[in-house]
Every structure is written in structure tokens, then in C-alpha cells.
Amino acid sequence: MRCNAFLSIARPNFLPKRSFWPALLLGSTSALLTAVPAPAAEEIEFTYGLFSVDVSVASLALYAQEGTVNSDLASYLRFLNREQQAQVRAGLQTSRQVSPWQVSQVLYAPLGEASLRNIGALIQTDSGLNGFYALRAALIQSANDPQGLSVLGALRHYPSHTVRIDLAALLQVAHQTAEFAQITDTVIADIQARSAAAAATEAPVNWDSLPSLQGSGPFQFSRQTLWLHDGDRDRDVPTDLYVPVFTEAMPNTIPVVVYSHGLGETRTTAAPFLELLASYGFVVAAPEHVGSDYQIQQDVLQGLAQDAARPDEFFNRPLDISYVLDVLEQRNATEFGDRLNLQQVGAFGHSFGGYTVLALAGATVDFDQLQTYCQEDAFLRSLDTAVLLQCRAMELTSFPEEVALLTSGQLKDPRIKAVFAATPVTRAVFSQSSMSQIDVPVLLLGGGHDPVTPLVPEQVRGFSWLTTPERYLLVSSTASHSAGITEIVNRLLLPSEPAAQEDEPLAVFLDRLRGFGVAFMQVYVADQAAYRPYLQASYVQSLNVPPFDFNLIRTLSPEELEQLIQQE
């Protein structure tokens, strides 16, 4: 999945705040129930203890083709409203032309297998076994149909007479999801209140007297690609270098920022932010993490690789950044006149890149905690897709040297003096003790509509564990994780809105968010104290552009967070 670190999603105006996540779950749950592959065979059996209700596959096919509701299907559809029924029928009618080879590659990859095993705990064979193997076979064979991959096609190929849906488990997931939504709303409301209270107590600022954050900075810049290879690890590290063009005398000290992209992204994913930093006088280094980038994803789909997120990426990614800084130190004298300040480097990362920069700042992997999150039903219990990625690190436990890298602090790079982690993964892989080891300024960014790295478990909890004095949590209740989610949800839930009406506030939101990121780097990397007033709640709240909002807090203890969670 390609992600953009600075894209978000608006909450639809016609959905009440507390209904967004439950509605999303109900829609996806109903799609899940009907998308369960079953044979040319005959039924889907919903079981609840000793009781069961059957829905025939023929009824689903008839409903998809003609809209006719048979008596067995009526007993199920009566639990759904008209909109949800329409979503079910649309899902049954939908098909996609996808290469069965690509489907196979995805479902045989470790993350694909982990996801399918979790779903298989709910969707079982007629003997009550986990439906993992049956689901995989049905989906691959359905992709080979002339009409493409579809729900009904998967049903025709499901290698079991009956598909059993564990209704008790499914209802438990539904309950957890509703509770999860309530907790998210409660925590966001508290953050909004704290941000507003802080803004009300801050001294007035004459913003006109401060350096501007509107638009690009004063410098032109060039971008060059360094085709680097780390011989010690036999690993390519292609790196884009953004260098300001100093038309007058080169400054005595040039600040440096490094960027770590997310899983399935590239070194250019956050180019608008990297270019903005360069326009303000920063040299920016953006390496490609070749073991977890977009190209490795494509290689998996084409059968050229087996894994798009190898476990060794948990240590190779931080080592990529440190290697690039080593190269810059070697080039500093000849190319920059020893002016690069490589002893006070800023690090920016998104998602898996957020993990990367936090590890560089000193956070260590806690394998004991990780083990508790990596049981077979971890995803169903946590409703946190990022846990699936983090649990890949457990595969390293048989390799003592690799475990030592991740647990002993060896990945910490003392040159990193400030970290901006956007929607990072933290919940399972880091613990309170490991996050408390970070002693540099940290800015965490999270969004209330992020289904990939959910706000409360992945960013808010991690923030509550920080003890470094200079810590910031920037939250937008309407932000999400990626460009893809923004596009899909906006098009599904707001089909009548012209694209321009959606894109304009989003563009303004992104511009203002990037500007805040520049202010953070100016203060803690470039030592420009004039930008410090921008790092206040009063300034952040002035950035709101409906439906997007900004809220900034500086403190939230683990005990306070636990109290908020227990309220629900």
C-alpha cells in the first residue's frame, strides 16, 4: 500500500461524530458476511453456540442479480438498514480483473497470511476449522474466472460444503469496534479540550512580527540522487539529496534533516515537505529502504520476491539512515566546506518510517511486550492492523545478534537530535520503558480516522510514555493515514460533492501541516528560536480549515489516558 505522510480524510458532514467508526464497521462487517467464500455448495451457516441460521448461496446470487429477497436472506437483511442492504448488494455485484498470480503472491506473503488467518478465525470450514486455507484457495481461483475476482465467484470456489460464520466471535469484534470508537472519540474530545485550554492561557503573539510560514522559503534548491551501496550489509541505499542554492555566501552552519518513508512508499513520497524544508535552508537526505519500499511490493506481485516487509527491516531501516549520515560526514569537507551540522540532525518518518526515526532516537524493541500482542487472534482483539506488521519482528527471536541490535540501544544514532514521527507504529513493538529512553524533542502526529495505525493505541499511548521534556502531540480528529484512504472514503461517502470542493480544504490543511513541521525543525534542528511561538496551541488552533482541525498538547500521562479509556 502506498501511503502519503501528509494526507488526510474528512469526516462526512452527514455522519454524527460517534457514528463514523461503528458505521464503517457495520458496512465492512456486512460485506464480510456476504463476501465469505462458500462452494457451489449451498449455504452460509451463522453459528452462535448450539444455535445456527443458514443463508443459501443461491439466495445471495438471486439478490445480487435481481434484488429478490428470499425468506432465508430476509432473516439476515432485517438487521441492516436500506443503505447497508444496498452496500451488501453492490458488494455482491462487484468484480475486478486481478491476476490470480498476484492474488496468490499477496496471500502467500507473511502479512497476507497473517491477515487471512485472523479472518479465518471468524470464517470457518463446515467442520469448524479456521477457514484460512479455504479462503485463500477460493480467492485465487475466483481471480482466475473470466468475470474476475468477485464475492460470488469466491463462493463458487470455496472448497467446503458450508461456510460457517462464528457469530459470537463476530459480535464480539463488533462490540470491540463500537467500544474502540467510543474510546477514540473520548480521547479526542479530551485532547481538544486540553488544546483549547492551553491556547486560552498563552500570551498573545504578534504573528506579523514573526518569520512567515506561508508558502515556500527564500531558497531555491537542487535535487540529486546518490546511488549508494553499504558494503558491510551488501545493501543498496539510493538516496535523494535536496540542497539549497545559496546565491550569497554559504552560511556557517547548514541544518540537516533525514527522511524515512513508510511501508510500500518511496523516497519521493513526502517530496512536497522535503522540498519545503530545502526552501528554508535545510539539506534533506531521503534514502530508499529497498527491503520495504514500493518496488519490493511490485516484485512480490510479479513473483520476483516473497516478502514485502521482511523482519530484518526493523533494524536495516535505522541502519540505512545512519549509513547515509556517515556518507554525508565523508562528503562534508569536500562538498559543503564542513558546514553541514551533522551533530544536530532532524529526522522525519511516516508510519513504518515513524518507527524508524523513533528507534534512531533511542526507543528499543520490547520483545516481551511484543509477544503479548502476537497471538493468533491479535488483530481481532486489538482492531489494530499495524500489529500485524509489528509482529513480524518476532521472527527475529532466533537470531541473538539481531535481537541485540533491537534491544540494546545500538540503533540509537547520537546525531539525531529531533524527531517528527507522522502516524508511527508503536503499540506492540515499543513499551513504556523503551519510549522513555528517548531524550530528544519529539513531535508525534495522529488522526482520528486512521484505520492503519489507529490514533489512541499507536500515537496517543506512545506519546503518554514519553518523558523527554520537549514533546508534542499534534492531532486532527478528521485526519487519516494515506492518500488512498482519503480518495476511497471521500468518493464512497461523498459521491455528490465535486472533487474541487473536497480538494481545496485538504490542500490548505496539508500546506499548514507542513508549515508546522518546518517550524519544529527550525526550532530544534536549526536553533531558530524565532519560530518557537508557532509550536503553541494558540497558533495550531488558528490553522483549522473545516472539516480539518488541529489540536496540540504537550503532556498526557499514562494514568490520565487510562482514566479516559476506563470511562468507556
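At what angle do α12 and helix α13 pack, and how far apart are their axes? The close-ups below start there. This is a predicted model, in which local features need pLDDT of at least 70 and side-chain atom pairs count only at pLDDT 80 or more, while totals for chains, interfaces and linings use all residues. Residues are numbered from 1 along each chain as its sequence is written, and side-chain values use heavy atoms, with hydrogens and water left out.

**View 1. Helix α12 packs against helix α13 (residues 352–360).** The two helices meet at an angle of about 65°, with their axes 9 Å apart; axes are lines fitted to C-alpha atoms, for helices over the stretch in contact, and angles run from 0 to 180 degrees between N-to-C directions. That makes α12 roughly perpendicular to α13 (the term covers 65 to 115 degrees). Glu313, Phe314, Arg317, Pro318, Ile321 and Ser322 of α12 meet Phe352, Gly353, Tyr355, Thr356, Ala359 and Leu360 of α13. Seven of the residues in this contact are nonpolar, three polar and two charged.

**View 2. The largest nonpolar core holds 75 residues.** Such a core is a set of buried Ala, Val, Leu, Ile, Met, Phe, Trp, Tyr and Cys residues joined through side-chain atoms within 4.5 Å; buried means under 20% relative accessible area, with a 1.4 Å probe and protein chains only. Tyr355, Leu358, Leu406, Val419 and Ile438 have the most contacts inside this core. Its largest share, nine residues, comes from helix α12 (residues 313–336). Leaving aside neighbours within four places in sequence, Leu406 is in contact (heavy atoms within 4.5 Å) with residues including Phe314, Tyr355, Phe367 and Leu411.

**View 3. Helix α2 (residues 57–66) packs with helix α4 (residues 82–93).** Here the angle is about 95° and the axes are 9 Å apart, so α2 and α4 are roughly perpendicular to each other. Leu60, Tyr63, Ala64, Gln65 and Glu66 of α2 make the contact with Gln85, Val88, Arg89, Leu92 and Gln93 of α4.

**View 4. Helix α19 (residues 455–465) is mostly covered.** Of its 11 residues, 10 are buried. Among them are Leu455, Glu458, Phe463 and Trp465.

**View 5. Tyr259 sits in strand β9 (residues 256–260).** Tyr259 counts as buried because its relative accessibility is 0%. Not counting residues up to four places away in sequence, Tyr259 touches several residues, including Arg267, Ala270, Pro287 and Phe348. Tyr259 and Ala270 are 11 residues apart in sequence and 8.5 Å apart in space, C-alpha to C-alpha.

Definitions and conventions
Buried < 20%, exposed > 50% of the residue type's maximum accessible area, 1.4 Å probe, protein only. Helix = DSSP H or I, 4+ residues; strand = E, 2+ residues; numbered from the N terminus. Parallel < 35°, antiparallel > 145°, perpendicular 65-115°, else oblique. Nonpolar A, V, L, I, M, F, W, Y, C, P; charged D, E, K, R; others polar.
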